[in-house]
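Here is a short briefing on one protein chain. Keep the sequence and the 3D view open as you read.

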Amino acid sequence: MMMLMRTLLAGCALACCAAVMLGADEGTPSPRPYPLENCVVSNDKIDPQVAPVVFNGQEFRFCCRGCVKKFNRDPEKYAARLAASTSRAANASPPAPSGGGASGAK
Ligand SMILES: [Zn+2]
């Protein structure tokens with residue numbers, strides 16, 4: 001009798017935990033802002049009139065609605081493209097030498 005109650009409780013706890021996790025996943029309140037000035041689909045300048053799309057907690061902005069449609073057809077492809085372009089920018093931008101004492105000009 002006691003054993004049965006304990007298993008029931010454990011099952012309930014698991015179910016509640018899963019429900020909380022689902023709710024947290026669904027209600028992401030603040031997605032990461034779109035880091036680029038250009039549309040990830042066509043590389044044209046973003047139009048602020050076009051409603052942004054949130055995918056995997058990342059906001060995406062577009063130059064036109066046609067690009068939104070293309071994005072929605074294959075969001076993972078464009079998410080990967082965005083990740084690639086942002087990491088490339090991060091790699092390219094810092095001109096600071098790694099592990100040098102040369103930047104002591106200030
Ligand atoms: Zn476009």
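The points below go from the whole chain to single residues.

This is a predicted model. The chain has three helices and two strands. Along the sequence they follow the pattern α-β-β-α-α.

**Confidence**
- The mean pLDDT of the chain is 78. Of its residues, 57% reach 70 or more.
- Helix 1 has the lowest confidence, with a mean of 55. Helix 2 has the highest, at 98.
- Where pLDDT is low, predicted coordinates should not be read in detail.

**Burial and the core**
- The chain has 106 residues, and buried residues make up 8% of them.
- Which residues form the largest nonpolar core? The seven are Cys39, Val40, Val41, Phe60, Phe62, Cys67 and Tyr78.
- In soluble globular proteins, nonpolar side chains tend to be buried together.
- Cysteine 67, one of the core residues, touches Cys39, Val41, Ser42 and Phe62. That list leaves out residues up to four places away in sequence.

**Contacts across the sequence**
- Take the contacts between residues at least 6 apart in sequence. Of these, 38% join residues at least 24 apart.

**Lysine 70**
- Lysine 70 lies in helix 2, which spans residues 65-73.
- Is lysine 70 partly exposed or buried? It counts as partly exposed, because it has 18 C-beta neighbours inside 10 Å. A buried residue would need 20 or more.
- Lysine 70 and valine 41 are 29 residues apart along the chain. Their C-alpha atoms are separated by 7.4 Å. Valine 41 also belongs to the largest nonpolar core.

**Valine 54**
- Valine 54 sits in strand 1.
- Valine 54 has 14 C-beta neighbours inside 10 Å, so it counts as partly exposed.
- Valine 54 touches Pro31 and Glu59, not counting residues up to four places away in sequence.
- The C-alpha atoms of valine 54 and proline 33 are separated by 9.3 Å. These two residues are 21 apart along the chain.

**Arginine 32**
- Where is arginine 32? It lies in the loop between helix 1 and strand 1.
- Arginine 32 counts as exposed, because it has 11 C-beta neighbours inside 10 Å. The cut-off for exposed is 12 or fewer.
- Beyond its neighbours within four places in sequence, arginine 32 is in contact with Gly57, Gln58 and Glu59. Glu59 is also touched by valine 54.
- Arginine 32 and glutamine 58 are 26 residues apart in sequence. From C-alpha to C-alpha they are 4.8 Å apart in space.

**Two asparagines with positive phi**
- Most residues other than glycine have a negative phi.
- Asparagine 43 has a positive phi of about 70 degrees, although it is not a glycine. Its place is the loop between helix 1 (2-26) and strand 1 (53-55).
- With 12 C-beta neighbours inside 10 Å, asparagine 43 counts as exposed.
- Asparagine 56 also has a positive phi, near 55 degrees. Its place is the loop between strand 1 and strand 2, which covers residues 58-60.
- Why does asparagine 56 count as exposed? It does so because it has 11 C-beta neighbours inside 10 Å.

Notes: Residues are numbered from 1 along each chain as its sequence is written. This is a predicted model: local features need pLDDT of at least 70, side-chain atom pairs count only at pLDDT 80 or more; totals for chains, interfaces and linings use all residues. Helices (H or I, at least four residues) and strands (E, at least two) are DSSP runs, numbered from the N terminus. A nonpolar core is a set of buried Ala, Val, Leu, Ile, Met, Phe, Trp, Tyr and Cys residues joined through C-beta atoms within 7 Å. Two residues are in contact if their C-beta atoms, placed from the backbone, lie within 7 Å. pLDDT is the predictor's confidence in each residue, from 0 to 100.
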